[in-house]
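Keep the picture open as you read.

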Amino acid sequence: MRASFKQSLAGAALAVAAFTTSVPPAVASPDQQFIPLATYRVGAYASSGVQVWAGMIDYLRYINEVEGGINGVKLVWQECETEWTAEKGIECYERFKNGLDGAPVAVYQPNGAPAAYALSERAEVDKIPLITLGYGRTEATDGTVFPYNFPVMLTFYSEASSLVNYIAEREGGFDKLKGKKIATVYHDSAYGRETLGPLKLLAEKYGFENIQIPVADPGNEQSAQWRQVRQANPDWVFLRTWGVSTPVAVKTAARFGFPVDHIIGDIWASSSEDVLPAGAAAKGYLALTPYPAGADFEIHKRLKQYVLDKGHSDLKDLKNFGSVYYNSGLVNAAVAVEAIRTAQAKFGKRPLNGEEGRWGLEHLNIDDARLKDMGYLGLMQNLKLSCRDHEGGGSARVQQWDGANWTLISDWIAADRALLRPLIDEKSAAFAKEKGLTPRACTGDE
Amino acid sequence: MTFFFETLLGGLLAGTLYSLVAIGFVLIYKASGVFNFAQGAMLLFAALTFVSLHDQGVPFALALLLTVIVMIGGALLIERLVLRPLVNRSQITLFMATLGLSFIIEGLAQGLMGSQVRALDLGIDDVPLFVGPLMLSQFDLVAAAAAGVLVTVLALLFNKTRIGVSLRAVADDTTAALSIGIHLNRIWQIVWAVAGVVGLVAGLLWGARQGVQFSLSLVVLKALPVLIIGGFTSIGGAMVGGLIVGAAENLAEVYIGPLIGGGITPWFAYVLALAFLYMRPAGLFGERAIERV
């Protein structure tokens with residue numbers, strides 16, 4: 001009896017495991033374009049991940065089912081679980097880099113800062129372009145040193161500059177910044193420290209006092225930090241946290257009496273998941289984002305008609321349709337699709353490899369007209385990349401949390417990229433020197 | 001000077017939240033000599049169960065009661081399926097079992113109740129409260145009161161009841177306790193159930209502060225230096241250890257942090273713990289092991 005109990009328990013456990021982990025294998029062929037999906041559906045960041053992949057998969061499905069693929073080339077995708085870790089991110093990359101059943105890889109999205117850093121140099125060797133939207137090495141903006149790294153759309157440098165430009169707008173002009181205090185409460189990691197340099201430069205230019213207060217990971221107790229904020233009495237707080245450290249920051253700020261509508265979260269502190277746990281304390285919170293929340297953009301109408309209403313969405317909880325993370329998946333997928341589409345114009349309407357994908361990225365030019373065709377106007381900024389410039393955009397919008405939803409309260413705010421470029425060049429030159437690399441010349445024929 | 005006292009008091013109050021987590025470890029260590037690596041996962045599971053029930057319209061008190069029942073049921077299952085087959089095995093074996101258990105509980109919690117971040121409102125305002133010139137947190141005061149009540153109840157349980165006497169006997173000498181007829185399995189069931197309920201209290205308070213999400217299980221990292229300082233076998237020690245860690249890390253962050261780049265809160269607590277290890281290896285209130293060699 002005891003043995004049978006154990007056997008049935010083991011059987012049930014195996015059945016549950018098989019049911020919960022089984023994903024139908026993608027069937028690919030050489031006439032298809034492979035889109036690898038390095039996902040994190042389990043682990044500490046699963047709550048955001050499930051929405052990101054839903055956005056990506058819904059858009060890829062839309063391209064296949066409604067547009068018949070990219071110029072007739074069907075997309076095929078397969079997931080690999082990274083749990084947002086570097087080691088599993090590398091495993092997934094190694095599994096995917098040679099394609100799937102003959103379907104080649106044109107672009108690769110590591111989806112996580114640890115994997116992005118770990119793969120940065122590997123991708124250069126393998127000639128697989130990495131798209132790191134909103135994370136990764138800022139100095140990889142310099143395509144002469146990093147030909148296969150693309151921190152597209154909004155690097156942390158541009159984010160800092162957009163923030164200062166927004167505050168200047170709110171204060172009534174750049175001249176009003178002189179004497180103001182801007183405190184940055186940041187996650188004490190490579191990600192968090194990334195804005196120290198640009199904010200120092202911006203403070204010197206505009207004359208505001210630059211206060212930096214680090215929060216060590218995971219940041220689930222921040223009394224000491226917000227006591228320092230209260231003592232410094234800043235006019236604005238730039239919140240560069242991540243994960244649990246964001247709602248804790250917002251709640252602790254309220255406890256210390258700091259007005260939440262003068263806290264501006266960064267790209268990784270701008271989702272509903274960041275503010276919902278903070279409850280009423282988050283009402284009025286501001287956040288910068290390159291992919292605003294909302295389900296009223298044209299692409300959402302199309303997705304609703306062709307994907308969601310047909311029951312084909314990857315989204316398990318439909319109330320997340322149009323969330324920041326879902327929309328980030330849409331924008332990430334669109335960048336990959338448009339890069340391939342651009343490259344097809346040169347190499348032909350066929351599946352492309354990594355070198356061809358890089359060409360597509362470096363010649364990407366998404367203007368308002370193209371955004372309108374795609375249904376992304378307002379959701380995504382203009383993006384024009386080149387051999388020398390792998391960021392391309394450099395703008396963010398500001399959204400405000402009303403206690404239940406995000407409301408967009410600004411148009412695209414462009415960063416002062418010309419001011420920041422010398423800092424980027426300095427870092428990329430140092431990297432090239434350390435690695436003994438000779439930067440390529442950008443002649444326009446690449 | 002006001003700023004110093006405010007930081008000190010704020011730190012002491014924050015420390016009581018660390019103590020709540022540490023008490024769960026102490027209970028199981030006292031009964032079995034095992035460091036329960038799964039305590040963080042139990043805390044997450046308890047909070048997630050409560051918030052899932054409450055989100056589905058179950059009234060607060062009933063959700064609390066049902067969660068307590070689930071945690072007791074979980075304790076019985078753990079004892080039956082994990083601990084009993086491993087009885088008389090080495091402590092490292094039991095520790096490894098709790099390590100595996102933590103991953104299973106975390107996976108089950110996310111699989112059954114979803115991975116989305118949930119808000120938890122206990123109805124306690126987390127707003128500034130002024131006592132003279134000192135600004136304190138109302139939420140932290142409530143958490144401190146909860147910790148105080150919990151310690152009192154546990155002290156009564158261990159010192160004034162037959163279960164408590166049995167538990168202390170098992171903790172002192174398991175073989176001797178067995179020889180006088182104390183039911184070891186029953187004691188383990190009770191202790192794991194109580195640790196689960198303590199995890200629920202800690203999970204609710206931490207969940208209200210940071211949201212109920214996977215990273216809730218990471219709050220145990222705050223409990224380790226508390227245990228080293230207070231001792232692994234003393235509930236009172238866990239309280240005192242929490243107060244010391246809370247006060248020290250807050251003062252260090254404010255006064256030492258700016259000198260060395262800041263962000264020192266988590267590791268400073270471990271520096272302190274290491275210092276205690278040099279001076280009092282068993283912690284302030286832990287039992288010193290004396291072995292005949």
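Q: What makes two residues count as in contact?
A: Their C-beta atoms, placed from the backbone, lie within 7 Å. This is a predicted model. In chain A, residues 24 or more positions apart account for 70% of the contacts with a separation of 6 or more. In chain B, among contacts between residues at least 6 apart in sequence, 75% join residues at least 24 apart.

Q: How do you know what confidence the predictor has in chain B?
A: Look at pLDDT, which runs from 0 to 100. The mean for chain B is 88, and 98% of its residues reach 70 or more. The model scores ipTM 0.85 and pTM 0.87.

Q: Why is A:Leu318 called exposed?
A: A:Leu318 has 11, so the label exposed applies. A:Leu318 sits in the loop between α11 and α12 of chain A. Its C-alpha atom is 42 Å from that of A:Asn210, which is 108 residues away along the chain.

Q: Why does A:Asn111 count as buried?
A: The cut-off for buried is 20 or more other C-beta atoms within 10 Å. A:Asn111 has 27 C-beta neighbours inside 10 Å, so it counts as buried. Its place is the loop between α3 (86-96) and α4 (113-126) of chain A.

Q: Is A:Asn233 buried or exposed, and how do you know?
A: Count again. A:Asn233 has 10 other C-beta atoms within 10 Å, so it is exposed. A:Asn233 lies in the loop between α8 and β7 (236-240) of chain A. It has a positive phi of about 50°, although it is not a glycine.

Q: What makes the bond between A:Asp217 and A:Pro218 a cis peptide bond?
A: Check omega. For the bond joining A:Asp217 and A:Pro218, omega is about 0°, and the bond is cis. A:Pro218 is in the loop between β6 (209-215) and α8 (223-232) of chain A.

Q: Why do we say that the buried residues of α11(A) line one face of the helix?
A: Start with the names. In helix α11 (residues 298-308) of chain A, A:Ile299, A:His300, A:Leu303 and A:Val307 are buried. Seen down the axis of α11(A), the buried residues fall within an arc of 95°, so they line one face. The face turned away from the buried side carries the exposed residues A:Lys301 and A:Gln305. The cover over the buried residues of α11(A) includes α2 (46-65), α12 (324-347) and α14 (368-374) of chain A.

Q: What makes a set of residues a nonpolar core, and which members touch the most others in the largest one?
A: Core members must be buried, of a nonpolar type such as Ala or Val, and joined through C-beta atoms within 7 Å. The largest core here has 226 residues. A:Val250, A:Ala334, B:Ala22, B:Ala47 and B:Val191 touch the most other members. Helix α8 (residues 184-210) of chain B gives the largest share of this core, 17 residues. B:Ala22 touches residues including B:Ala223, B:Leu227 and B:Gly241, leaving aside residues up to four places away in sequence.

Q: Why does the radius of gyration of chain A agree with that of a compact globule?
A: With 446 residues, such a globule would have a radius near 22 Å; chain A has 22 Å, so the two agree. Buried residues make up 57% of chain A.

Q: Why does chain B agree too?
A: For 293 residues, a compact globule would have a radius of gyration near 19 Å; chain B has 19 Å, so this also agrees. Buried residues make up 51% of chain B.

Definitions and conventions: Residues numbered from 1 in each chain as written. Chains lettered and ligands numbered in written order. Predicted model: local features only at pLDDT ≥ 70, side-chain atom pairs only at ≥ 80, totals over all residues. Buried ≥ 20, exposed ≤ 12 C-beta atoms within 10 Å, placed from the backbone. Helix = DSSP H or I, 4+ residues; strand = E, 2+ residues; numbered from the N terminus. Arc of directions from axis to C-beta. Rg over C-alpha atoms; globule rule 2.2 N^0.38 Å.
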